[in-house]
Amino acid sequence: MTLASRWERLGSAYNILPALSSPSAQIAHGRALWTLNGSTGPVRQIFFGGRAHVHKAERMISGLERRLTRQLDPLLRETGLDALIDSNRSTAERAADHLYAKVRRGQVKVDEEFSRRLLSAMLFQTEPKPLHKMARILGLIAKGDLVPQLWPAIWSAIGLRTIEFGYIGNGLSLIAPFMAEYLSHPPQKLSQLAVAPKEAVIRSMKRSALLAQFSIGGDGEKRGRSMFYPIQGERYLVIKALAEGQSPSRLLRELNAQAAVSDLSNWSDLPVPVGKGDDAAGLVRFEDGNLYIAFTAPRTYYDYADDITLSKRSLMRGLTSAIHDVFLWSAHGLYHTVPARLFHVQGDAAQRRADQGRFVVFADMVFGASSGYGMGLLRNAGEALKYPNVGVSGVRDLEEVATIDDIMGNFESWRPELEQLRWQRNARTLLDFSMLSDWLFVATHLLVNWTVGQDDFQKDADSAWKQDELLEPFSESLLMLYSVAHATRFDLSVEVAMSALRKRVDWLKLARQYAFFETSASHPYLEEDVPVSIFPTQQLYGGEVIVSGKKGRNLMGPYYDSTFASSGQYRSREIERALAAVFIPPSVSW
């Protein structure tokens, strides 16, 4: 642990537990005297214009840590929390499990002093398992609104702690376990809308008969399994074929979903089924023997959000419309399940896995400790984001819309990577959170993809991450995107949502992380065997985060094939805080 990290930990402990008869004056005085020059040093202590050596700083910090420990131990012992920081890992794990069970059963008096002592204990625990359980306890405390005045300290305690840059490296963050306990499912605004067809009725007709119902303005164009024809009103007539191996009812579901959401206050310019009632085209069989559906869609329907030549206005209109609508539909029990297909593992290995190799944003929430810790590796994001279900018109491809009951009844068909949520007591709540987070995650990457592809980033990609004037518009766009989600979730104006989220997330840090990791700027720092000491931890993560190579080595890597591109943790980790912040009610303020 670096001197800077130890210094920050001391300051946090004294701030959390003012009851300690601590040398807080020394801490305050030290803050004025010290300059922390990066997370790995040098740390300089200044006396009367002179400079002491780093070993003097080491002695001062060590002395303060010993004094703090002597003062903290009896306070933790009074409430039975001392075992949480036992040097024996198994003892600490058992103590955390036991305390979690007691808090859940209401067998512990949870008040401000208890919460402060728990937070202090977390500062001096480094093992993932007890920390995860302690974060869950914090989630229970926060959910019960027992100590609202401690939200700033809680929010600080659950952030990223460590990240390894190496093959299958871990990354310790406590946001997922905290949210797993804290989350509450929003009340349904209306009874759930149904999209599953009761019976797939098939009508036979000629393609020419369907086309004759419209004034076709040109030749049709084929994309994937769809043919689209320009018609009046700046729209397309889209004729979409049944996919190989697909059930007819799954294709018909798209028309049902289009009809189900048509009366909601959507921002997207959505497709509309051809005909209504008895005149609806429905599922049709043309003379070629194949099955199709037909609907009309805006001319921008095939302008995908992965196109970096779009105007900023068109991109943001598409992204914010999509985010607004998927959050709106969730309040009516409907979920669009595929913003884009992202993968953790690809190829033959993916086909052998129950989760089909899909990437999971909050892996710690879904898998717990069974797969290590962190967000895992996102493979080939650029390829995965091609042809997303987000366009300039907003949400696309309503064939992927389902209810929670649909998904819970058939994870393999809808979301195989989330199936382990089935066994959690609040499975529906966590499924709601996970699927909506996926949409924000994909929308974020589409915005990142567009931003780093612009000329002002490209001409100086290696230093763009250092230029605040370049990053600020990017950070404001990120804030806007997440504010639309927060506003829709809690029936707020976007302005009120922006004011709340601005305080909860360091949006400039998030923009800086993406500008660094998604451009060539990061390459010299992440190559295998490059010293960790040169990595800009302070600028990207803050001094409290510990960066290392695999298993704590002080060199980057080792990587699977000697390149960081195919190995390691997801790196732009302020997104965890941004995603979580959206789901915390506006009544929580700090």
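1. A word on terms before we start: a residue counts as buried when its relative accessible area is under 20%. Please also keep in mind that this is a predicted model.

2. I would begin with strand S4, which spans residues 160–165. This strand is mostly covered, with five of its six residues buried.

3. Which strands does S4 pair with? One of them is S5 (residues 171–173), joined to S4 by three bridges in the antiparallel sense. Within that pairing, Gly171 of S5 is the bridge partner of Ile163. Five residues lie between the two strands of this hairpin, and Ile168 has a positive phi near 55 degrees there.

4. S4 also pairs with strand S17 (residues 546–549), this time in parallel and through four bridges. Here Thr162 stands opposite Ile546 of S17.

5. Ser548 deserves a look while you are in S17, the strand it belongs to. Is Ser548 buried or exposed? Its relative accessible area is 10%, and the cut-off for buried is under 20%, so Ser548 counts as buried. Setting aside neighbours within four places in sequence, Ser548 is in contact with Ile163, Glu164 and Phe165, as well as with Val532 and Arg553.

6. Finally, have a look at helix H8, residues 175–182. Eight of its eight residues are buried. The buried residues of H8 include Glu181 and Tyr182, along with Ile175, Pro177, Phe178 and Met179; Ala176 and Ala180 are on the list too.

Notes: Residues are numbered from 1 along each chain as its sequence is written. This is a predicted model: local features need pLDDT of at least 70, side-chain atom pairs count only at pLDDT 80 or more; totals for chains, interfaces and linings use all residues. Side-chain values use heavy atoms; hydrogens and water are left out. Buried means under 20% relative accessible area, exposed over 50%, partly exposed in between (1.4 Å probe, protein chains only). Two strands pair if DSSP finds at least two bridges between them. Contact means heavy atoms within 4.5 Å.
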